[in-house]
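Visitor: I would like to learn how to read this model. Please take me through it feature by feature.

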Amino acid sequence: MSWHLQSDTIGAYATGRLGVASAGSVEAHLLECGMCRAKLAGLAQSEAPARRRHDDSLAVILDQIDRPQPTLLERFLTALGVSPGLAKLTAGAPRLRQSWLVGGLAVLAVAVLVAQVGPGPAGVVMFVVSAPVAPALGIAFSYGWGGDPAGEIAVTAPLPVLRLLLLRTVVVLLSWLPVAALLAVALPERGRVALLWFIPAIALTSLTVALASFVGTARAATAVTTTWLVLAATTVRGTRWTTASAWLEHSFLFRPIGQALLAVIALGALVVAIARRTSFEVRRSS
Amino acid sequence: MNATDTAVVARLAGVGKRFGRRAVLHGIDLTVRTGVTGLLGPNGAGKTTLLRILATALRPDAGELTVLGDDVLDPDGRYRIRQRIGYLPQQPGFHEWDTVYDFVNHVALLQEINDSRRRQSEILRVLDIMNMADCMHQHLRWLSGGQRHRVALAQALLGDPQLLLLDEPTVGLDPYERLRFRQVVSEVARKNAVVLSTHSTDDVAALCDEVVVLRLGRTAFTGCPAAMIAAADGHVWLSDAPGPRAATWWRAADGHYRHIGDPPPGADLAAPTLEDGYLHLVSRS
């Protein structure tokens, strides 16, 4: 071969900077010329480390772009000492999880409105009776109503199901209790009466977790909240001329003894849930 | 695969299961080894229940079961088993609003693959195996049935499980996907164990070292595919007309009637296939 490719042409070919036509003619020459092939091979070898470094940095950048960023809730849980993996699982509950919060807030907002503009204490009573229901439903919704659709895969995974359920329960309570407490400030009644929902909320949540070990979260939440509403509706009583306190204390649920009993039930239910932790880890039916 | 280069992965002795008053499995004795074990049987034979028991999703009511050297009834043992198995349920539910990546990531977290770099590379590895890496940012609700199935299979491969349990894994797959699936299972079975339930004797013929036929919750046959074919030796007949005394018969594509069981008059004995072997085993009274 009487002529050879110039070094910068070989360099441009090696790095893919030549157009299709020029690259075609370079390739035609390379097929015939051993000297230029050797020069190309040498060039490729000398550029390999630099290319590898370039590829590595690109991989790191792409990795950073691709990697999902932790959400605010994940960062909050991680700051509390929860492992990043468990935090992601807790925060990654089905999207339905927000619906219970919105629904609960709507009910409480109506109750506050009735308490402010309506006659008598019905709004306050409605607030105190309905505020404990939302977190119990929230537990069920945090897995999707009817349970986790990927539940069969979850029960055969090593991560204990109860650990995840309890963590989601804590998140549900942490989301609900401050919100309900803030709304309670808007009630015309202050002090003890406006906080009578607090212990029942903890008790209903705890009972739902315990009952879920027998029948699953959705049925447990339905049973516990329905029982609560029926009990409250049939025992709370009063007239528009009596106070909210009188309405509520007509029911044993809102007397000091009833509240103490609910606190004991809350603790007992938590003990039952932990004692039955293995029952969360197998299917309940065929 | 030779018996000499296989290891025992699970051992069942007298395993039974009831749901209320209905007994679903009766005294199952089985040894699962490295390689592919196929579970065949009609609907309701107990295949899914047996797989769920192996996957620790259900507890047996009777008998003993060790998986990967651990007792399934021991909580610590069950935890160790779950770290080392992959499971594809018959109806794997999805979080429909998740992307493919999010869903597999969710399962990887349940598998306690907590290191984010390792988890990410493991997710990409299994999605790549199932040819789903290009779709990883798509939402599950928009995927075809076959694609969803491949995602479900990908999650079962997370962590390179020593025992892979697959419940009807080829249902809904087109021929190309089925071939891809067989390649994946064959690769896994080179060093690990795979137990799959299926209605397809083609899958068994293509993949399985060992076949277990279940019938009404009992083991009707355990052995290699060749032995299953041999079980029908002398029971398969061809004739020009149907013979109602046979346990089962059908008209084949060539116009002849194939019978399993008692022959009609003038029938000729035929060489059995794997399907004949299966039908002979499940149609015996």
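Visitor: Which strands make up the open sheet of chain B, and in what order?

Guide: Strands of a sheet pair through backbone hydrogen bonds, either parallel or antiparallel. In this predicted model, the open sheet has 4 strands in the order β2-β1-β4-β5 (chain B), with antiparallel pairing. Strands are DSSP runs of E, at least two residues, and helices are runs of H or I, at least four, numbered from the N terminus. Two strands pair if DSSP finds at least two bridges between them. β2 (22-33) and β5 (70-71) of chain B are at the edges, each with a single partner strand, so one side of each has no neighbour in the sheet.

Visitor: How many bridges join β1(B) to β4(B)?

Guide: There are 5, and the two strands run antiparallel. B:L12 has B:L65 as its bridge partner in β4(B). On the β2(B) side, β1 (residues 8-19) pairs antiparallel over 8 bridges. There, B:K17 stands opposite B:L25, and B:V8 has B:R33 as its bridge partner. β1(B) and β2(B) form a hairpin with 2 residues between them. In the turn, B:G20 has a positive phi of about 65°.

Visitor: Where does helix α1 of chain B lie?

Guide: α1 (residues 47-54) lies across β1, β2 and β4 (62-67) of chain B. Its direction is about 120° to β1(B). Axes are lines fitted to C-alpha atoms, for helices over the stretch in contact (heavy atoms within 4.5 Å), and angles run from 0 to 180 degrees between N-to-C directions. α1(B) is mostly covered, with 8 of its 8 residues buried. Buried means under 20% relative accessible area, exposed over 50%, partly exposed in between (1.4 Å probe, protein chains only). B:T56 follows α1(B) and has a positive phi, near 70°.

Visitor: What does the secondary structure of chain A come to?

Guide: Chain A has 14 helices and 0 strands. Of its 286 residues, 43% count as buried. Among contacts in chain A with a separation of 6 or more, 72% link residues 24 or more positions apart.

Visitor: Is A:A210 buried or exposed?

Guide: A:A210 is buried because its relative accessibility is 6%. This residue is found in helix α11 (residues 198-215) of chain A. Leaving out residues up to four places away in sequence, A:A210 touches A:A269, A:V272 and A:A273. A:A210 and A:A269 are 59 residues apart in sequence, yet 5.4 Å apart in space, C-alpha to C-alpha.

Visitor: How many residues of chain A are in contact with chain B?

Guide: 32 residues of chain A are in contact with 36 residues of chain B. The chains bury about 3,100 Å² between them, 58% of it on carbon and sulfur atoms. Buried area is the accessible area (1.4 Å probe) that two parts lose on being put together, summed over both. In chain A, A:I153, A:T156 and A:P158 lose the most area to chain B, together 22% of what that side buries.

Visitor: Which side chains meet in a salt bridge?

Guide: B:R52 and A:E152 do, at 2.7 Å, N to O. A salt bridge is a side-chain nitrogen of Lys or Arg within 4 Å of a carboxyl oxygen of Asp or Glu. The rule finds 1 across this interface. B:R52 is also one of the buried residues in α1(B).

How values were computed. Residues numbered from 1 in each chain as written. Chains lettered and ligands numbered in written order. Predicted model: local features only at pLDDT ≥ 70, side-chain atom pairs only at ≥ 80, totals over all residues. Heavy atoms only, no water.
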